[in-house]
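Subject: Handing over a structure

Dear colleague,

I am passing on to you the structure shown here, together with some notes on what was found in it. Please look through it with the notes beside you.

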Amino acid sequence: MRYFRPVITTATGHQPSPYRSPNQSIIKLNSNENPYPPSPNVLKRLNTFDGEWLRRYPDPYSQEFCHAAAAALGIPSDWIIVGNGCDDLLNILMRACIDETRTVVYPTPTYSLYRTLAQICGAQIIEITYDTQFSLPLEKIVQADGALTLIASPNSPSGHRIPMAELRQLATTIQGLLVIDEAYVDFAEESALSLTQTHGNVLVLRTLSKGYSLAGLRFGFGIAQPALLAGLFKVKDSYGVDAISNCAAAAAIADQTYKNQCVNQIKLDRHHLTLALRKLGFQVPPSHGNFVLATHPEAPRLHDALREHDIWVRHYPQAHLTNKLRITVGTPEQNQRLLQVLTNLL
């Protein structure tokens, strides 16, 4: 490891979920992927894709997507920056805002990549633990005075969302940049998008991986005032998103009708899954994502036993999460199979 900076040698690195071939007969409920296919318009657009565009460099500003997203979300097209998934945008944000003298702040447990990227930058990290009710530790976050504050809403693995009043208070109070990670917002009832209009220090992250069924495409975007985006454009790769992704993403976000149909089905199935798990003895709080966090004293055993039945769910080794399973909402058939196996195991 002598070739690397000391911080790389000591960093643990982010551990993505194991890859599963689509041909494997596994019910994969551990990565919060959408169980339904993307919009048919995406495949139609790909079938008409002109190979000439593969010879050329792609549009560095992804204007086709930005115009489609602007129309769908009711925002100006120049308020959008795109990346190779939200992970790419998080990396850009860290590189733009953080160094050894500046602090990253976020409540935890949350998306583990926040810590990994901050460690790689050598930043000072302040993690503020949620209480058992996952209430936002607002005062402690403000006191931490981070150059970059990250709030996932809805959050994973908890599934809770932060009330708009608290996000607005945080945006008004802190001096640094507030990033609101809305990867799961399509499954929630409220968005913080309006805060970008009133606060120049707010950036909202969105992804096409969840609500739009395009996790394999790797396409994310951020929304903020152009003055803020100008600094990020200095850091991002010139051609960070390829031509195929740009056109497919534009077709996906333009088809809000299809996306909403899939999302409504998942929200309905989330409700049914929650009730069924509670009947089996799990504690399951309301979720605003496409997953539930289910608490059970035998969670580690159940996780391993489900694997033996080719059902993958997520278990966390952290002390305060060892009795919990994060379970993606699958199709009704997948959810029913999960419940049948759990019934037998219990």
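A place to begin is aspartate 145, which sits in the loop between α7 (138-144) and β5. Please keep in mind throughout that this is a predicted model. Although aspartate 145 is not a glycine, its phi is positive, at about 55°.

Threonine 108 and proline 109 are joined by a cis peptide bond, with omega at about 10°, and proline 109 belongs to the loop between β3 (103-108) and α6. Serine 156 and proline 157 are likewise joined by a cis peptide bond, with an omega of about 15°, and here the proline, residue 157, lies in the loop that runs between β5 (148-152) and α8 (164-173).

Turning to the helices, α5 (residues 86-97) packs with α6 (residues 113-120) at an angle of about 40°, and the two axes are 10 Å apart. The contact is made on the α5 side by Asp87, Leu90, Asn91 and Met94, and on the α6 side by Leu113, Tyr114, Leu117 and Ala118. Sorted by class, the residues of this contact are 6 nonpolar, 1 polar and 1 charged. As for its hand, the crossing of α5 and α6 is right-handed.

Between them, domain 1 and domain 2 bury about 1800 Å², of which 60% is on carbon and sulfur atoms. Which residues of domain 1 lose the most area to domain 2? They are Lys259, His288 and Phe291, which together account for 33% of what that side buries.

A search of the whole structure finds 10 salt bridges, and the count between domain 1 and domain 2 is 2. Lysine 259, already named for the area that it loses to domain 2, meets aspartate 186 through their side chains in a salt bridge of 3.4 Å, taken from N to O. Another salt bridge is formed by glutamate 64 with arginine 45, where the closest N and O atoms are 3.7 Å apart. Because glutamate 64 lies in helix α4 (residues 63-73) and arginine 45 in helix α2 (residues 40-47), this pair ties together parts that are 19 residues apart in sequence.

With best wishes

Methods: Residues are numbered from 1 along each chain as its sequence is written. This is a predicted model: local features need pLDDT of at least 70, side-chain atom pairs count only at pLDDT 80 or more; totals for chains, interfaces and linings use all residues. Side-chain values use heavy atoms; hydrogens and water are left out. Axes are lines fitted to C-alpha atoms, for helices over the stretch in contact, and angles run from 0 to 180 degrees between N-to-C directions. Helices (H or I, at least four residues) and strands (E, at least two) are DSSP runs, numbered from the N terminus. A crossing is left-handed if the near helix is turned anticlockwise from the far one by less than a right angle, and right-handed if clockwise. Contact means heavy atoms within 4.5 Å. Ala, Val, Leu, Ile, Met, Phe, Trp, Tyr, Cys and Pro count as nonpolar, Asp, Glu, Lys and Arg as charged, and the others, Gly among them, as polar. Buried area is the accessible area (1.4 Å probe) that two parts lose on being put together, summed over both. A salt bridge is a side-chain nitrogen of Lys or Arg within 4 Å of a carboxyl oxygen of Asp or Glu.
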